[in-house]
Amino acid sequence: MLFDTHAHLNDTQYNEDLEEVIGRAQTEGVSQMVIVGFDRPTIERAMELVERYDFMYACVGWHPVDAIDMTDEDLSWIEELASHPKVVALGEMGLDYHWDKSPKDIQKEVFRRQIRLAKKVNLPIVIHNREATADIVEILKEEEAEEVGGIMHCFSGSPEVAKECVKMNFYISLGGPVTFKNAKKPKEVAAEIPLDKLLIETDCPYLAPHPYRGKRNEPGYVKLVAEQIAEIKGLTFEEVAQATTQNAKKLFAINC
Ligand code: NI
């Protein structure tokens, strides 16, 4: 049984064929998934989905690219949602220096406010990092995010940074890129980080694994990520599937 720890089935790209996508995920052995909402519309849709499907859980937060749009009301709303039994984490939050819609200082402030909220409501956090590793690590340390821990989502950094994050109580989540032939760092991370600190995800509809690279991604493809990790680590697919699912349930405090 597989656990896709990061899926955006709340994206409008699934409006037409959501049931088929879910059916294929179940055929591939995906038993649970976390739906990530990162602004008003995607959080609302994520909550609709988790109310409807018992195997879906929600992660709610504010994306760094849109940090400039986040109001006090938005943060209060996220705090209210945090007490919902199916909200298992806050995020995705973090820093994204690739796009310049939100200035860095605003991104940092919105990131810090969400870490503080997570500590207040005692939920793990899901980190989005794009071209901002040093600042992310510094803020996680300064805010003592270790207290709640969480996930470095779709991790693309070096094994050294991965190990530093593990020390701060974070799991390293690998997605489609670990299957790309030219993806040196994710493969090194898969080799060097112990299985009890790894998670798998799709980040669908983005980052589809080989051989679907460039196409719309979906939770069923998380199987390809688990297979690739198994190959790199010299383990069976079942070992990787079982361990990563256990890790996810432990982090999200899911007992079923
Ligand atoms: Ni995402």
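Are H8 and E92 buried or exposed? Both residues are buried (under 20% relative accessible area, with exposed meaning over 50% and partly exposed in between, for a 1.4 Å probe and protein chains only). The views below come from a predicted model, in which local features need pLDDT of at least 70, side-chain atom pairs count only at pLDDT 80 or more, and totals for chains, interfaces and linings use all residues. Residues are numbered from 1 along each chain as its sequence is written, and side-chain values use heavy atoms, with hydrogens and water left out.

**View A. The nickel ion and its protein donors.** H6 (NE2), H8 (NE2), E92 (OE) and D203 (OD) lie 2.1 to 2.4 Å from the nickel ion; donors are N, O and S atoms within 2.8 Å of the metal (3.2 Å for Na, K and Ca), and with water not among the atoms, sites may look incomplete. Along the sequence, the donor residues follow the spacing H-x1-H-x83-E-x110-D.

**View B. R113 meets D72 in a salt bridge.** A salt bridge here is a side-chain nitrogen of Lys or Arg within 4 Å of a carboxyl oxygen of Asp or Glu. The closest N and O atoms of this pair are 2.9 Å apart. R113 is partly exposed at 28% relative accessibility, and D72 is partly exposed at 48%.

**View C. E143 and R116 pair up.** Their salt bridge spans 2.7 Å, N to O. E143 is buried at 9% relative accessibility, whereas R116 is partly exposed at 42%. A network of salt bridges links R112, R116, E142 and E143.
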